[in-house]
Amino acid sequence: MIHYQVFELVYEMINLHSKINIRLPFKVNFDSNKPKNTFMKNYLLLLVFISFSHFSFSQVGEICKWDSDKSAAVVLTFDDWSPGQQPIVPKELKSRGINATFFITTNFVASWNHDWPTVVSTQADGNEIGNHTYSHPHLLAQSTIQLDTQITKAKTIIETHVPLQKVISFAYPFGEGVGSTSKDLEVRALIKSSGHIGARSVSASNYKYNFAATEDDYYKIMTYTMSGSVSIVTFENQLKQIVSGGGLLTYLYHSIDDANNSHGDTWYAQVKQSVLQQQLDTLVSYSDKVWITTFGQAVKYHKERNCATLSLVGTTGTTMTLSLTDTLSNNALYNQPLSLKIFRNGVNYSTVTQNGVPLEIDGVVNDSIVFHAIPDGGEIILTVGNLSTETLQLTSEDFRIYQLPGSSVANVHVLKPQANSCLSVIDLSGREIYSLENLEMANDFQIDLSANGNGIYFLRFNNNNNSFVKRFAIVN
Ligand SMILES: [Zn+2]
């Protein structure tokens, strides 16, 4: 026995989904000898055989521009591993629940008396350790062999000492290497071929989302350089700009020390701990708008998102299967989860899995369910929760659906059918899977949905540019 339930009026789905008008093979039975294709008054029985296997994809949601649908990304970067950084910065970050990227000059580690265990513990807090060369030279003055030492060897040294993290981010000493001379190109080519996915320079900033039109642009990431003379107003203005521009803002810090210069960190452009604290507090106050992350994660996310495709694989009455792919071939490297917003259409999904593994559901925003999934990480399946816990609404001003006892047939009564009226069956993903147009004078329709099994479907009635959608469930 199939119970037929009709649920609440949903907002107009027609505005959210591409308007694919799919004609299905179906059989129309007339209960009188009215001529075919003439929908005369009253009774018309439609037996609709719906199969879900061969439809075009429609828009089911979107890949957020940045993690958790934040407006922009912000990365704090600390260069050179100068002596005040390690004693001060990781603790300040940790107490605020944020992370940063430390660009290490490997030759400075021992010489500044903060040896590798301090780098390891900084990384263990979730911070990123990036490559800032072996000895901080002017890269454009280096021979090919010297470049290999400065770029490739330094990367290997860091990875040897910090084994739990691959080095994928690079920062140019003195900002040299982002130009267009043959040496600049050689520098960037080596940075890329040695396994870095992006590199940061020392000037300007990337306010617009489309800051990397080419792959090479990821090796010219700009930054905002901090010093003791940057006021909190100026610091915050950078945040305001990046929120409005939607891009990637990196702050570049050098020396950090306390009021008494306890760590002797007067290397370059010192920022006092108290000032840093105020800046971090200001940054955290923007955390509903900006994704505070590491350089490597921000670059990964942006690259993946720019070549990712979210598509619908198929639906059943109770599941929607999606695929998230990208065109980056190194899936072991490009494994940054992307935030997805999937149109929910009022449906309560209880679980989301990828490759069979449950994903955490971050929440529901504007009737979209938000969660993270990894490109090329396997099929994503959203499963409807309890079908019988929904709210019932049977009627609207323009049409009503009512149960035919002991049947899986939907009885639809259209109050004022017109020549341009249209009745559609829509699946979980928003695809129109059946459409009956030009209802003309007919008032009553029967649509057989028994072939689809239990699940949630939608009926949409269009009349004079008004669209009414009812969600209903077949519950066995
Ligand atoms: Zn430096």
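I take helices (H or I, at least four residues) and strands (E, at least two) as DSSP runs, numbered from the N terminus. By that rule I find eight helices and 30 strands in the protein.

I note that the model is predicted: local features need pLDDT of at least 70, side-chain atom pairs count only at pLDDT 80 or more, and totals for chains, interfaces and linings use all residues. Residues are numbered from 1 along each chain as its sequence is written.

**Burial and contacts.** I call a residue buried if 20 or more other C-beta atoms lie within 10 Å of its own, exposed if 12 or fewer, and partly exposed in between, with C-beta atoms placed from the backbone. Of the 476 residues, 42% count as buried. I count a contact where two C-beta atoms, placed from the backbone, lie within 7 Å. Among contacts with a separation of 6 or more, 73% join residues 24 or more positions apart.

**Helix H8.** I looked up residues 295-306, the 12 residues of H8. From first C-alpha to last, H8 reaches 17 Å, close to the expected 16 Å, which is 1.5 Å times one less than its number of residues. Because 10 of its 12 residues are buried, H8 is largely enclosed by the rest of the structure. The buried residues include Phe295, Val299 and Tyr301.

I count strands as paired if DSSP finds at least two bridges between them. Five strands form an antiparallel open sheet in the order E16-E17-E23-E19-E20. Strands E16 (308-315) and E20 (357-358) each have a single partner strand, so one side of each lacks a neighbour in the sheet. Between E17 (residues 319-326) and E23 (residues 380-384), which run antiparallel, I find four bridges. Thr319 has Thr383 of E23 as its bridge partner.
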